[in-house]
Amino acid sequence: MLENSMLYPKTTASRRAVSLDGMWKFWLDENGTGEKDGFADGIPGEDRIPVPASFQDFYTEKNIREFAGDIWYEREVFVPGEWEGSQLFLRFGAATHRAAVYVNGRKITEHEGGFLPFCADITGVVRYQADNQIVVRVNNELTVTNIPCGETLTLPDGRKMNKPYFDFFNYSGLQRSVFLLALPKEYVFDFDLDYEIAGKDAFLHYQVKTTGEHETVLRLYDEQGREVAASAGKSGVMKVENARLWRVRDAYLYRLVIRILDGDALIDEYAQEIGIRTVEVKGTSILLNGEPVYLKGFGKHEDSDIVGRGFHIGVMKRDFELMKWIGANSFRTAHYPYSEEIYQMADREGFLVIDEVAAVGLFESLMNFMEASSGKKTAFFKKETTPMLLKAHKKAIEELITRDKNHPCVIAWSLLNEPETTDEAAVPYFKEVFDLARELDVQKRPRTFALIMNSLPDTCKCYRFSDIIALNRYYGWYVKGGHEISQARLLFQKEMDAWKALNLDKPFIFTEYGTDTLGTEHKLPSVMWSQEYQEEYLNMTNEVFDSYDFIKGEQIWNFADFQTTEGILRVNGNKKGVFTRDRQPKDAAYLLRRRWKGLPLDYKG
């Protein structure tokens, strides 16, 4: 069981949540001596940096953008005297990739994993009615024992350099919001929800975990604030008559309020918006509320100018408006769990989310997008360090499912992206992570992983673990691009025919496909990187999608251009976006809008 609650910070009748977002003191520990030099008691310098944000793109020095090592943050926070007697926590939405937290000079906690929240219990160290010093050491070095995977080299001049095994920039720092929380000593720690639809009614099965033994009561309210169901006890079933279901692009959200009572006195209260819906895979269909859905949408990134991977509420709003405009209904959180606010928005807007843990780079290559297409094999899971990686991976899955399990938008768990699967050593590793996800999720949502180009019907040892087969395929780009696109189509069809011959009776979706395209480049006749070629490629790919009944979704790579490590195959980042990095449409956006607006939700149903 997780040490601290993963519930999203909220102020209620019994709780206080104070945002610590803003300008924090900032220091790059170039010598790696901050611990020894006493930075826990205060960091040097007077530089300030915004939180939440990635640190890399604010400055003009390349050595800062490429910095690998310890990054220190500091700020003061006033703790009111009336909070004495409460349980106090610092809650970090994420610290990429590992962190240590100090309060008033004392180390409180450490956490590894850069895309999920953690708490520091500071109850015993704070000074009330006074300022308190918070210092956070964040480390952004990449390893093969934590996800996402990569390596950290030392250059001849002594500086460190990150070498990711993944194709996006290693943005890091305090990239999500930080909160100071005051909770009662006895509080709601966690809850699990599952749904059953019976005609016009629905049954909400629940389990609540608290830190004490007082009575727990639940109330369910509709969007007009009317109470529609109630129950008492830490587990049970609530009947919702004439239930309004949560549907694709037609979201209906109830408000669930959980209270801990001592007689009539309130001890704790926590509320969350929920959607009543069921998800299952049946044969080759993905069913929402028992009805087939066809996924249309994107692989995305949390990536934008200046703040990098830092959560930006304005960018989030723009992204959802563009997805609605283009006719999308879904996205995958490639290649890590996103900020919690994005799931809340997807809940409200009725988007389907494939929620991905940060297990990317489990294929030893600095250019896996090229080398996997060439058939390279790496036997990644035979390393001596694999048990350490598996432990970190399983911990991240537990944190992911605990955080996101009650979002109606989350319809599947993606447990790895483009791992090496051609060696038998991958099989026991996959079994452990897939079994854990099934055990942790009371809703038993489908589990999947995104298959890299060398994971083929006759080479992949692990596709059998997936409830949904998710393919990342680049026929016409990394394989036989340009004038050879007609041959690419034949190779694409040959692979799909081989999958069809296996009679897996599972839905297939495409979680990546696309071409790098410069928004300024036009050429007639087309050449690769031109907008005309992106459209030719999409027309070919869409025709293949439409030729196989078991293909039940298409999520193009990528929603928008995004930053990567620099290199000769990347023009200031990955340019496969349907939209530019500043969220303006390329020509392909209009092609996809016509297609997706014309495809019914139950296409091939």
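I began with Asn558, which lies in the loop between β30 (551-557) and α9 (587-598); helices (H or I, at least four residues) and strands (E, at least two) are DSSP runs, numbered from the N terminus. I note that this is a predicted model, in which local features need pLDDT of at least 70 and side-chain atom pairs count only at pLDDT 80 or more, while totals for chains, interfaces and linings use all residues. Residues are numbered from 1 along each chain as its sequence is written, and side-chain values use heavy atoms, with hydrogens and water left out.

The peptide bond from Trp557 to Asn558 is cis, with omega near 10°. I found another cis bond from Ile147 to Pro148, with omega near -5°, and Pro148 sits in the loop between β9 (130-139) and β10 (150-154). I looked these up because most residues other than glycine have a negative phi, and most peptide bonds are trans.

For phi, I noted Asn572, in the loop between β30 and α9, with a positive value near 50° although the residue is not glycine. Asn572 counts as exposed at 58% relative accessibility, where exposed means over 50% relative accessible area, buried under 20% and partly exposed in between (1.4 Å probe, protein chains only). Arg249, in the loop between β17 (235-240) and β18 (254-262), also has a positive phi, of about 55°, and is partly exposed at 35%.

I then turned to Asp441, in the loop between α6 and β27 (447-451), which is buried with a relative accessible area of 1%. The side chain of Asp441 makes a polar contact with the side chain of Trp413 at 3.0 Å; such a contact is a pair of N or O atoms within 3.5 Å, and within protein one must be able to donate a hydrogen and the other to accept it, while residues adjacent in sequence count only if both atoms are side-chain atoms. A polar atom of the Asp441 side chain also lies 2.8 Å from the backbone nitrogen of Arg445.

Lys25 belongs to strand β2 (residues 22-29) and counts as buried at 14% relative accessibility. I traced its side chain to the backbone oxygen of Ile43 at 2.9 Å and to that of Gly45 at 3.1 Å.

**A hairpin**

Strands β13 (residues 188-198) and β14 (residues 201-210) run antiparallel and are joined by ten bridges, whereas DSSP needs to find at least two bridges for strands to pair. The two strands form a hairpin with two residues between them, and Gly199 in the turn has a positive phi of about 65°. I also noted that Tyr195 stands opposite Leu204 in β14.

Last, I looked at the protein chain as a whole and found nine helices and 30 strands, with 62% of the 605 residues buried. I recorded a box of roughly 70 × 70 × 45 Å for the C-alpha atoms, taken along the principal axes.
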